[in-house]
Amino acid sequence: MMKKVFWGIALIAVAILPLATWAQEAKQGGSPLKFSVSNLEAELSGGVSGGYFYTNNAGQEHGKNRESKFVLSNVLFDLNLESKDYPVSLDVGLGGVVTPSLVDNPDDSAPSWGVEYADFSISPVENLTLEGGLLAPVAGYEDTYTYNNKNITVGVLASQQPYNAYGVRTTYSIKGLGILNEVDVYGAYYRNRKDEEEYCTSTTCPHDAWEAGISINLLDTDITLYHYHINGLRSLTGVVA
């Protein structure tokens, strides 16, 4: 049984910089910063989130600091490059994540910098997209990058959800089906997750995972049914709207 309870109260709810505004606009259909580089179309967006998190009973963990403190939870720059001449694109996320949840105050006060995702995609034929690299999952209950969430913290199930991993993914899209504006059917195989230690137990440390699902846009509402299987550990099935 857990000996600590994190109230999930952020006294400073969110500190958003102008960079974060770009991310919010992009998520809601607005325009990020756009520019051209040679024969490439480029888009730059990003976000910053943070707050003071109060812990009423931090407990004792060797080498861990769960006390109340200010946490800079997310710093992320997203750069998307798309060729003007060929059906290829590259989406790269640079930054870091320290994710507070309802049951835990992060040990670190600020994230370490690195590559969060690097997604290379190509469309060899109409409606078919092939992706490879360090990929973010198609669906999950909550967004890893907290400035995209309505709440500064993530829920108890967040660490059980799919997270970025090296792999390949295939998506086939069908558009113009009446009230179904778009239907995407996808499948993926992943190897070596970015947060591997989160999915290790005392007896196993799985490296392989696969994902399959279908996403539909019904009357301008996105709905995704997905199944994510971490070999030898757990299976996750969910519906996200």
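Visitor: Why is Glu 131 called buried?

Guide: Glu 131 has a relative accessible area of 16%. Buried means under 20% relative accessible area, exposed over 50%, and partly exposed in between, with a 1.4 Å probe and protein chains only. Glu 131 is therefore buried. This is a predicted model, in which local features need pLDDT of at least 70 and side-chain atom pairs count only at pLDDT 80 or more, while totals for chains, interfaces and linings use all residues. Residues are numbered from 1 along each chain as its sequence is written, and side-chain values use heavy atoms, with hydrogens and water left out.

Visitor: What makes Glu 131 and Arg 169 a salt bridge?

Guide: Their closest N and O atoms are 3.0 Å apart. A salt bridge is a side-chain nitrogen of Lys or Arg within 4 Å of a carboxyl oxygen of Asp or Glu, so the pair qualifies. Glu 131 lies in strand β7 (residues 128-135) and Arg 169 in strand β8, so the pair ties together parts that are 38 residues apart in sequence. Strands (E, at least two residues) are DSSP runs, numbered from the N terminus, as are helices (H or I, at least four).

Visitor: Is Arg 169 buried or exposed, and how do you know?

Guide: Arg 169 has 6% relative accessibility, so Arg 169 counts as buried.

Visitor: What makes the link between the side chains of Arg 169 and Tyr 190 a polar contact?

Guide: The distance is 2.9 Å. A polar contact is a pair of N or O atoms within 3.5 Å; within protein, one must be able to donate a hydrogen and the other to accept it, and residues adjacent in sequence count only if both atoms are side-chain atoms. A polar atom of the Arg 169 side chain also lies 2.9 Å from the backbone oxygen of Ala 136.

Visitor: Why is the aromatic pair of Tyr 190 and Tyr 228 called stacked?

Guide: The centres are 5.7 Å apart, with 25 degrees between the planes. Rings of Phe, Tyr and Trp (its six-membered ring) pair if their centres lie within 6.5 Å; planes under 30 degrees apart count as stacked, over 60 as edge-to-face and the rest as tilted. The pair is therefore stacked. Both Tyr 190 and Tyr 228 are buried.

Visitor: Why does Arg 191 count as partly exposed?

Guide: Arg 191 has 37% relative accessibility, so the label is partly exposed. Arg 191 also forms a salt bridge with Asp 208, with the closest N and O atoms 2.7 Å apart.
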